[in-house]
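Hello,

Here is the structure you will be working with. Please open it first, then read the notes below.

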Amino acid sequence: MKRRDFLWLLGVISGSTVMTSCGSGKSTARFTSYLLPPEEGIVPGEANFLPSTCTECPAGCGVLVRLRDGRPVKLEGIPGHPVNDGGLCVRGQSSLYRLYHPERLRGPMAREGGKHRPVSWEEAFSRVADSLTASRQGSLKNLFLSGRTTGSLSRLVDATCAKLGIERLPEYEVYSHTAEKEANGLLFGERDIPHYRIENADFLLTVGVDLLETHVTPVAYTRKISSARARGDFLWYHVEPHLSLTGANADRRFVLRPGRERRLLSFLLREVLDRKTPKTPLSGELLAALPRTTASIVSGETGIPSESLKEIANRLATAKRPLLIAGGIGTAQAGGLEVASAAALVQWGTGAIPERVDFARSENYRDVGTLRDMEELSARMGRGEAGIVFLFRTNPVFSLPQRLAFKENLKKASLTVGMGDFLDETLREVDLILPLSHSLESWGDVEPRRGVMSLLQPVLPPLHDTLSDGDVLLRLLGKVSGRGAPGSYEELLHAAWGKRLGEAGRNRLLEKGYAEETLPKKAVSLDGKRAAETLRSAGPTEDAGKPVLVLAPSLRTFDGRSRILPILSEIPDPLTTITYGPWVSMSEEDAARAGLRDRDEVTLTAADWSTALPVKIQPGLAAGVFFAYRDLLPSPPIRTDRRTGGGVEYIGGVRISRTGKTAEVPILSGSFSQLGRGLIPHPVHLEEGRRHDRWTLYPEHEHKEYRWALAVDLERCNGCAACVAACHVENNVPVAGKADHLKGREMSWLRIEPFYEKGEVEFLPMLCQQCHYAPCESVCPVFAAHHNPEGLNVQVYARCVGTRYCSNNCPYKVRRFNWREHKWPEPIDRMLNPDVPAREVGVMEKCTFCIQRIRAAKDKAKDEGRKVRDGEFTTACAQSCPTGALTFGNLLDKESKVYRLAHSERTYRVFESLGTEPSAYYLRGRKP
Amino acid sequence: MKKTLVAIAALGYFGVSVLLVAGLGYLWYSTGPAPVQPIAFPHTVHAGGLQMPCVYCHTFVERSRSAGAPPLEICMGCHRSIATDREEIRKLTRHYEEKRPIEWKRVYALPDFIYFSHKRHVKAGVECATCHGDVAGMKRVRRVNELVMGWCVSCHRVRGASRDCATCHK
Amino acid sequence: MNPLALPPALPPDTNLLLRYLLTSALLLYLPLLGIVIAGSTASLVLNFFGRENRDDRSLRLSREWIEAVTVNRWILLLLGLLPYPAIAYACQRFLGGRTSLPAIAWLVPFGALLAGCLLLSLYRSAICRSTELPAAPFGAGMAGLLAMISAAFLSFLLLGILVNPAKLPLVRSNLVFILSWHALVEFLLFLALSFGLAGGIALRFLGRSKAGEAGGGPDYEARVRTAGTSFGMAGALAAPALVVLYLITLPVPGLSTEVFVMAAIIPILALAVFALLYLLPGKEEGRPGDRVSSLFILMFLAVILCYQTAVANAFQGLSAPPGPLAAETVSKGGKGTVKPAAGEAAALEKGKKVFDTVCSVCHRFDVKIVGPPYNDVVPKYTGNVEKLKAFIRNPVKVNPSFPAMPKPSIKEDEIDAVARYLLFTVKGGK
Amino acid sequence: MTRGESSMGNADKYAKVDRDILAAMEKPGRLYLAGLAVTGSLVVIGGILWAYQIRNGLGVAGYTHPVNWAIYITNFVFWVGIAHSGTLISAVLYLFRARYRTSFNRAAEAMTVFALMVAGLFPLIHLGRSWVFYYLIPYPTQRQLWVNFRSPLIWDVFAVGTYFTVSVVFFYVGMIPDFAIARRCKEGIRKKIYSALSLGWKGTERDWRHYAMLYLFLAAFATPLVASVHSVVSWDFAMSIVPGWHTTIFAPYFVAGAIFSGIAMVITLVVPLRKAMHLHEYITDDHFESIAKILLFTSLIVSYAYIVEFGLASYGGNIFEMESFRYRALGEFRYLTWAMIFCNSVVPLTLFAKRLRRNTTYLLVVSLLVNVGMWLERFVIIVTSLAHDYDPYVWGTYRPTYVEVGISLGSFGLFFMLYLLFVKNLPVLSITEIKEHL
């Protein structure tokens, strides 16, 4: 998007009120003569797309930004992007809320006494410059701490630090994957996370690693797994102490005692090496170093039955292309190094390297530091050695354990400069706040994986008085040198891209949003000696001590950085269906023993830490294991592993005691069991027999051209809730808030219902089924709910009087009522999708298969004088689904994908016996 | 005494009703069908006298759902050289030089919950005049049709266009 | 074939003339109808309650009133009925301009009116004969009144359509849509004025009793005065409120300054009436009947003018109502006599499009608008397309009598196309 | 000439009747005014709360997803039920020429009219957008849209509308002769009003002939409505697919229930009325006994319906239905369920004892309990069925807030206020009919 477009848009952006929250108000879209005609291809009133990159987590997924009159209204994955290939996770879908969030920092601020007061950029920069010189005299060290930064920005940071005599500290990430990097460093001299090519594996064994939630690049993993599954010969076992979404989606899930991963791994390693010798045989020294053990012993230690152990080992050894990944909480523990290196050895032993474990395209985690680095930093600040401390897009105060006293030591630095977009725990402590623009407002690039560049480009001018990451540094440089900024970051970037990719390459980058360099295959060699040492030097397995609290990474808010996105607290956690507020999950046995019920509040007490949390009973969780999502526990008591310096996410010897209070926790699910109602039937056609033929006086609905239908493949759906977020953003679904959720008044049009059966969970995405004989339509007194010629149950909001009879009569309960007027505080109102009205108080609303998208597609088709082609467009949910579980299309088109799926023998429809004939088809059971 | 009271009351009543009429009149004048525009653009001259095609200025009417007001550049295209001395044209040039977009007063507005596409209607061969009346004949553009649902529906009925609610209701 | 089908459009001045004629006709007619309705209502009510408790005065007043409003049955019929078809047809023809309603729409109220007049005259003759009225004629009277009222209401509904032409297609397809709020309000306003007028007439003509006559005497006259005054008052008080409502309910396209001015007159007149009646002295000579009546007549006039202007506004600037799709599309389509060279055709088509949307703003082939006619300037480029294209690309002022041609914002291929088209066309190709 | 004057022999008796009954319409006492004040303030509170609810949306009430209907609809059904016995007593008993009718009919008819007024409010209160309620009325609009005649809610609009019109007419026609009498006794503005209301009633033979004919016709016309209207109301539920609602028995079940609750309400009203207005000679214990019998009978029908309902669920083999009734009997609303059964099925059984039937105080207590019970019945049916329907994921519960409670109280306030006003301004007993039976 070029300057002149901003010029054209001038006036639209500046305080344009796009839609009143009152759906019935006259349109406030303005009737303006702009200065210039817009760019070619941009038509006012029609949407256009620009590529950029999601910065909600370090994975660096490519996104297409949907623009309406210069306002980003939706993010969608870039198809073919090397990282996410069209998919986008729940956080990515939600991240527009970050751009438009009302609480975003609106300008630089400086601390005066206790409070922050707004200052000008000039003032802010000169303050930094002054204290830079000051600390140079006072021989204080200036420190620069950032979250994970890659690509040009990282280089710019280095340059800046070098110029200004600032020491750049190792980057701080909560999920630093230290042990894995260490192990790879020791064994192969590659201190980094390799790129796991799961799609090439036929057997995947994952130990503790949360591939689907947060691990390095979850969307990529999700796509890889589903493509491997699509191949049909793929098997996936998962081993973990608690219950994670990843575990829930593995073909088989084994529960082991927390802290016993290394025993399991060494057993597997031994088994594998016994069964098959790797291409380059291991040195005798190493073989000697391997711990000896047997299935029965290990079974005793880990709690996994020995036949299962044998089964796993067997698969690992016999599979043609096996792949073992250990990580996440599996390695973030005392002895994590052993687990990691054993895993690495297994990979080596099974010849997974380099086909399936690719170090050439490693994930660029080299510069990410450890918890120990942070300890040192804190200590240095405590000793008063720190001059200026820059905190760049990182929030250590929130995530670091109390004992580091980071918050307190921060005050001892001569000046603390925080750069970020929200007044989070850390920025609240700093002296000087430099607000950063959202990635959709700024130029930049990221290199999430070696040889993969993804583009950041501004799609709208900054909403507030903020600077882009690069420009802040450049302006700072300029200020200090006194020669003004050396050009803008934009120019600098274009030059850099030109240099790296060549002219053509740069244009391709700008157009497609990503660039991939061809890298030579990297042959890594195992350093047997170091490996042997590592194994020998391992201490005895120290037992975490029961019961254990597992700090699980969170699907919804990563390490907590996404907490500020309201929509993410609105979307329930897939396993517990809890929306707002922290909780601790507990096994049925433990709860029964302590006589606890859902929502009872308990105090968790560990060595030097205690907190009060409400309980949620979690089926499928092993006794003696609690788990809580880390992002919901501020400064948790994490120990530092003495060998790797990484954090230990198991907290042993936790004592629980009930406070007697019951907390208010919105648990959306009314029942974790389907009570034999066959929502997810086994076998699929148990309801076939009860189908009754109907006799009606009314004329049949007839569908001339289109009959829209959605197919949901339950085997592919992994409950990641990306579709829910997509639906929220696409359809202006309001954020109801905790109070309403407690009353059971959530607004989401699409929900994912987890149903448990003996510890196994299955997910059922439930949205309007667009019934052919819809119970909602016949009871609406005013035709607000009516059947349209394309088979949709349309809801006419302007006509609805709010009798709510339709909702009563809906067996699927997918209609949502506006119990109150939902506000869209400025500037979130600019995020509203103009193609969908904001619903008024007192009307019923529901999913209509994204009718606005259907309309647009038909419009386009009509222009070209044809029918809509299959796959030409799809609904927001289907588009966002990383696993491709949702397929949308025209049922009258015999060639269409959805037609094929709807007529597969795996297909069923929910509550078929009611004779509602839904247009949503569910597929279950593996392909025969 | 009573007589005077009644007289006053009556006077008040009639006075109020007169005022109400006046008030309504004012309301109609200010927000009515023919608002006064920031620049008195005469369609009579452009569409009338010069017979300029509507599409020349309302560029997007065939491409977008919204016809849109012409970008200033289009006006300036001619008025750099033509009739530059007139007061209204000066206003226009000022806007252009100061890079201030012109905020026209809406004559026709649809509610938020309505989807309406000029493109579709133009392509279906509906003349602009069918809805907007004989604009070429209006010195100040005047709303000639209240865009009420029944009006749209009856036209859809007559022409056999779709009458599914979802055609227009978002 | 609908007898009231549309005539070809009339010359505007004829239209105007007829419109004013029609106005005066309505002015004559509506008050008359109103008086009949109001008067007979009064008569019937008085009769009803009079009979209940042997009240000669009310019975007598009742008789006198009906006699006053329906002078005799022939006049009643004549005045009541003759103007109606004329007005109906006129409305159809001239008010509506391009609109047409099925004949039946006008015949129904006409029939009702006919029935009403007949029944009322029955009642009248009966009550003239005796005061102790048998039930049947009374019922006839009631029925007649109802018929009259409904006839009036229907006519107002029909008139109401003309203020809201957008409705016509609906009414054609479904007569129920003839109902409209502003028509209802206008009808009420009409009733109010009629009652007022009836009151005025009562004050003017009734209660002139010779002494000694049964039920006569001063208290009878008092009774008449109260009756008349209360009717007048009612009318005067109701009118302003109804006027406001009328303006609120009137469709926006019908509104204009004149309408508001005319409407504003009514409350003022009503105030005058109120003053007259309120200060009405108890004495014989102070009968304000004629003044009151004339004031009400004026109000009628105002209302009717309001209505007429509203209709005029509603139709002004409104173009033809949508016909079936074919009608429009046929009018489009190219006109070609000399076939262009094969292959050239596409380019020319494109060129024409460019000409239509861009050049035609200032240029025609034969006439001078802003720029010179092409037939004068283009030929000098014949056989030299590039030169013409160059000129189009960046024009230079040639002829001082024309303003400099602005640089058109069109792409290169379009320039080429239009240049070819121009040359081709001035060569006489069509 | 009214009948009163026709036969001179009973002249004084007749005069006494007029006096007694019209005495009820004399200057109000303290107690009356106090009652008026209380009910009036309840109405005001209710009104304010409704305004508050309209302003802030239905969220201020305790409604949730999935329990989209609750107290408001309960009240609606309850009041419609109350309305029923009015016409029933009056019309049916008139057709059967039941003598004791005369002492109840006026009170009952008034009750019908007022109860329907109150009932009619609730569908509006319950709407999400009360301000567009007119979308529910089939009238020709420029939108060219009609209402959906397939929707039971529309049937409601018609049924209740018809019933209201008919019962108002019935009520009014019944009073015309009494207005004539009142007209004679009253002075001043009230006289004017009464004489206007009496439509120039002269009491001639012709008048009486027409009157009798019309009244008979109306009675005959109203009677089937009693059955039809509440059947329609019951179809609001029976026509849906909600387990616990979707039952064929609902129509008769609701009609019986309606008559049951209506009769109870009549007793609740007439017992104090008789006491306050000293009408013991006109409303005797015999009358009460006969009406108590009806109460007992209808109670038996209702109990039978309960049994059938639970029976069907238990052997119907439909898991949804089973769960719904399990939840009703044992779920969190079980207390209400059992209270309802106690009030509606157990308590009335005591009326088999003649002594109790003739004891008005006891009858009053029973009738109050039955009123409560019937209200609970509707509440339980509506709420429990919705709370646990098909998809277990969305199972929820319902807790009313002060808004619903306040508005419901307001409705009771409105009903009783109207009733008090009626008592003081219209003849509470049909004077002429009582004379007939002297």
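Of the 928 residues in chain A, 67% are buried. Please keep in mind that this is a predicted model, and that totals for chains and interfaces use all residues.

On overall dimensions, the C-alpha trace of chain A spans about 85 × 70 × 60 Å along its principal axes. Its radius of gyration is 28 Å, which agrees with the value near 30 Å that a compact globule of 928 residues would have.

Chain A contains 29 helices and 39 strands.

Where do the charges of chain A lie on average? There are 125 positive and 113 negative charges in this chain, and their mean positions are 1 Å apart.

The other item is the pairing of chain B with chain C. Here 42 residues of chain B are in contact with 48 residues of chain C. About 4000 Å² is buried between chain B and chain C, and carbon and sulfur atoms give 71% of this area. Which residues of chain B lose the most area to chain C? They are B:Phe14, B:Val21 and B:Trp28, and together these three account for 16% of what the chain B side buries.

Regards

Conventions. Residues numbered from 1 in each chain as written. Chains lettered and ligands numbered in written order. Predicted model: local features only at pLDDT ≥ 70, side-chain atom pairs only at ≥ 80, totals over all residues. Heavy atoms only, no water. Helix = DSSP H or I, 4+ residues; strand = E, 2+ residues; numbered from the N terminus. Rg over C-alpha atoms; globule rule 2.2 N^0.38 Å. Buried < 20%, exposed > 50% of the residue type's maximum accessible area, 1.4 Å probe, protein only. Lys, Arg positive; Asp, Glu negative; His and termini not counted. Charge placed at Lys NZ, Arg CZ, Asp CG, Glu CD. Contact = heavy atoms within 4.5 Å. Buried area = accessible area lost by both parts, 1.4 Å probe.
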